[in-house]
Amino acid sequence: MNSILAECAAVTRKELVHLWRARSRMVATGTFALATLLLFSFAGGLDEDALRRNAAGYLWLGLLLASTLALGESFRVETEHNAIEMLLLLPVRPAALFYGKAIGNLVVLVIVGLVMVPFTVVLFDAAPKESVLKLGASIFLGAAAIAAPGTMHAALAARARSRDVLLPLLLFPLVVPCVIASVQATQLCIGGDAMGQFGAWLTVVAAFCVVHWSLGGLLFDRVVED
Amino acid sequence: MKNWNTVVGAVGIAGAALGIWGGLVYAPGDTKMGDLARILYVHVPVAWVAMILLTVAFVSSILWLTKREWRWDYLQEAAMEVGVVMGILLTVQGSIWAKPTWNTWWAWDPRLTSVAVMVLTFVGILALRAFVDEPVKRATWSATASVIGWINVPFVYLCVKWMRSLHQTQTPWGTMAPEMLQVLLFNTFVVSILCTWMVTVRYGIAAGERAKEMAE
């Protein structure tokens, strides 16, 4: 048990070092997410109430679209010069590779999501009525729910033809339930949670996380070893 | 085998003709919806068979991942393709029924949304198969994606019980007129026969393609 945790920590450390060295990549992903927020505000017209009502949806769609860039990039670097073959030669279990990669992607998505929050507040006049901690929890869990299946499918798409088309094609339908629940949880933070529904929506996202983080660890060896 | 397939196909097509007559003539109209409800004689069988086929694809995927026998990959591909066709058919039939009943072609209801997600998930996996050239990778990756994607299938069935939905819940058989139940079960049998025929033919094509890849 200690051994897999140590392996996982080593892969996570490698991912974080790589993220830091290629931080311009994260800046580009964040800028893309902010650009989509702007585009959504044009699409929604000038109805300020509608913009405020849909603010959480815009935030999550922006983050989901940006996630395809971040996830795709995380495996592009491994396929260049066949680095993934070298990675597989390391005395590290595939599950540890998956969790290390997924945690790296989670960090990127959480940072981008948190950067998007103040812009969402300003652009859509959507200051949260609930505590910021609740908002943070919904972004963290929602990002985790995208990161696990995203890492799995990015690994699949990275070595296929037309990978840029394939990743969203595989990922978007799969994460619809978690996006719906995350949007609802975030919207309750913004608009107020008079009926106490926040916990129920967050539980849906948490359940989605449990399923996909478990399946990823179980199936990742099949994806990378063939 | 080829003769057997032809017989199954012919039985399926003849059964479909009889099933259409049963649905349009033999079975009575619904007390509330009248003739509009007759679409259920194709809609319900297609829904059941679509979910069964995608479950067959899921089980075949697990068997490929554990046993590495090519027949499971052929079956996964065949069942998934026919399952996706049935899923698309299901969505179109649902829309045709929804327009006069709900006054809209589409509603963002849990059942409709989860079916759309289910179909799109498996279309994505078929695209994955098309974009991977190496046969073992193609089989393994699509099997992995199928196992993950199948999670939604039980939800499609159960969501009308779990959530507030425009879509009606499963009708208890005892509340249906005997003629209605007879036609519904007969059509389910016919759609199953037709899909078995299509899956068998598609299985043969998948096996032939693999033999060609081996020869190259």
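**A walk through the model**

Visitor: How many helices and strands does chain A have?
Guide: This is a predicted model, where local features need pLDDT of at least 70, side-chain atom pairs count only at pLDDT 80 or more, and totals for chains, interfaces and linings use all residues. Residues are numbered from 1 along each chain as its sequence is written, with chains lettered from A and ligands numbered from 1 in the order in which they are written. Helices (H or I, at least four residues) and strands (E, at least two) are DSSP runs, numbered from the N terminus. Chain A comes to nine helices and zero strands.

Visitor: What is the radius of gyration of chain A?
Guide: That's taken over C-alpha atoms, and the globule rule is 2.2 Å times the number of residues to the power 0.38. For 226 residues the rule gives 17 Å, and chain A is close to that, so it is as compact as a globular protein of that length; its radius of gyration is 18 Å.

Visitor: Which element gives the most to the side of chain B that touches chain A?
Guide: Contact here means C-beta atoms, placed from the backbone, within 7 Å, and 19 residues of chain B are in contact with 18 residues of chain A. The elements giving two or more residues to that side of chain B are helix H4 (110-131) and helix H5 (135-149) of chain B. With nine residues, the top giver is H5(B).

Visitor: What share of contacts in chain A join residues at least 24 apart?
Guide: Count the contacts between residues at least 6 apart in sequence. Of those, the share joining residues at least 24 apart is 84%.

How values were computed. Contact = placed C-beta atoms within 7 Å.
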